[in-house]
Amino acid sequence: MANHPDPHFAPEVFSAHSEFGANELTIGGCSAIGLAKEFGTPLFVLDELDFRERALAWKSALESSFGSHAGSVFYAAKSFISVEVAKWIAEIGVGIDVCSAGELNIALAANFPVDRIEVHGNNKSEAEIAQAIAVGVRSIVVDSFQEIERVARLAAAAGVTQNVFLRLTAGIEAHTHEFISTAHEDVKFGFSIASGSAWKAIEAVEEATSLRLLGLHSHIGSQIFGIEGFAIAASRLIDLLAKYRDHFDRQLPELDLGGGYGIAYLPGEESEVPMRVMSELAAVVKAECEKHNLQVPHISIEPGRAIVGPTTTTLYEVGTTKSVELDGGLTRRYIAVDGGMSDNIRPALYGAQYYALLANRISSRPTTSSRVVGKHCETGDIVIREIELPEDIGPGDLLAVPATGAYHRSMASNYNALPRPAVIAVKNGKARLILRRETQDDLLRLDVVEPERSI
Ligand code: LLP
């Protein structure tokens, strides 16, 4: 058992190889103080072994729960991707889900095996589709009738038969934030099963000779706990697989149930356990298939957050603090760090909550009601709305915010012309840069002075 002398250290929200040593936080055996000194702050510190272990855990859980019916894990690149991370994914034997030319090009730059790349997106450009077909991706998940026509035309022009999935909306209200819930009826994604457009899409794909329908796809949303929503989606998709078999007299070989598995952000919370989710889902899928006397199709999943989310901790340096009087004689302590909504937009966008730990020392002072804010020119630039932190935290201290691997660097912006932070991979006491910090020169690089042209 690791020894954690700081009572505020909550191992359940920090990456697996994080500890509170004698006097400071260490991640992957590297000192928080040393990392901040060497690489600057804000800094995304990615626990490489934790990432590999989580990716492998989802793969093993899928394979042991579904046995010969296991398809692939497709890591959702949108949660976080870099060339180095794409290489890890390739080594682990997991596939990748990309949803833009940018994400595809990162995978290709890592020499990612194209037969493990799945292309998503609700509005892929012709250029994106043509590139995906040209490089020979495994499958394209088609999202609209126009896209069926586009993919069919571009595949025919390239002289290939393209494997496709159809993205369907199963009509589910996932219990998560509206903006990250994706399978109720009134969304931009996919073909609705209830309205009959899913079946029309199936017929349209069947008519296109340059397309081969591999299977059906559903992604119900993100940061979801329990399998209820996944089970309903699986059951509705399996009903459709049965209808397909009855109508076309053959069975579709695959079913992709998307990602969305929830993780812990706050002390006391627990991330979804891959084995538990997969074995429960396997039982549902098998029972539903039996009901229709269908062979169990190959089942694939697309976790992003559940693989990378818990692996990364953001290190910030505290710049200023102040106490603000509240009604009723209370005070709130504002602790301003050197990043904020440009490296973590999730509190502003989804009301997401986070934990923070004083990382460079143990304080023996009592805690006080604090608000951790960034350095942007907005009141809503809040990292943590309310947290108890030692009252003596001040300039130069380091704050560690865990569970910041998914949708942080990948959603980072240059608001207020802040350079986006570096990502460091740590492992066994060694640290290396995998995505460098933007520089002031990077920020100026896009500015041009051009003579005007008549258009
Ligand atoms: N598959 C598809 C088709 C998706 O659209 C997504 C996420 C995933 C898989 C991966 O979902 P995950 O396992 O990471 O939950 N920015 C939001 C999350 C948006 C998710 C978008 N799609 C957030 O920060 O919570």
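Guide: Helices and strands here are DSSP runs, numbered from the N terminus. Keep in mind as we go that this is a predicted model.

Visitor: Let me try that on a residue. In which strand does V324 lie?

Guide: V324 belongs to strand β14, which covers residues 312–325.

Visitor: Is V324 buried, exposed or partly exposed?

Guide: The relative accessibility of V324 is 31%, so V324 counts as partly exposed. V324 also takes part in a nonpolar surface patch of about 220 Å², together with L326 and L330.

Visitor: Now helices. How are two packed helices described?

Guide: By the angle between their axes and the distance between the axes. Take helix α8 (residues 228–248) and helix α9 (residues 274–291): their axes come within 10 Å and cross at roughly 25°.

Visitor: Are α8 and α9 roughly parallel or roughly antiparallel?

Guide: That angle makes α8 roughly parallel to α9, because angles under 35 degrees count as roughly parallel. The crossing of α8 past α9 is right-handed.

Visitor: On to charged side chains. How many salt bridges does a search of the whole structure find?

Guide: The search finds 25 salt bridges. To read one, look for a side-chain nitrogen of Lys or Arg within 4 Å of a carboxyl oxygen of Asp or Glu. One of them pairs R245 with D246, at 2.8 Å from N to O. R245 is partly exposed, at 21% relative accessible area, whereas D246 is exposed, at 57%.

Visitor: And which salt bridge does E386 make?

Guide: The side chain of E386 meets that of R332 in a salt bridge, with 3.7 Å from N to O. This pair links distant parts of the chain, 54 residues apart: E386 sits in strand β18 (residues 382–390) and R332 in strand β15 (residues 331–337). Here E386 is partly exposed, with a relative accessible area of 43%. R332 has 15% and is therefore buried, since buried means under 20%.

Visitor: Which residues are linked in a network of salt bridges?

Guide: Look for E48, R52, E84, E91, K427 and R432, which are joined in such a network.

Technical notes: Residues numbered from 1 in each chain as written. Predicted model: local features only at pLDDT ≥ 70, side-chain atom pairs only at ≥ 80, totals over all residues. Heavy atoms only, no water. Patch = residues over 30% accessible without salt bridge, like charges linked within 9 Å, V, L, I, M, F, W, Y side chains within 5 Å. Areas by Shrake-Rupley, 256 points an atom, 1.4 Å probe, with all protein chains shown as cover. Helix = DSSP H or I, 4+ residues; strand = E, 2+ residues; numbered from the N terminus. Buried < 20%, exposed > 50% of the residue type's maximum accessible area, 1.4 Å probe, protein only. Axes fitted to C-alpha atoms, helices over the stretch in contact; angles between N-to-C directions. Parallel < 35°, antiparallel > 145°, perpendicular 65-115°, else oblique. Left-handed = near helix turned anticlockwise from the far one by under 90°.
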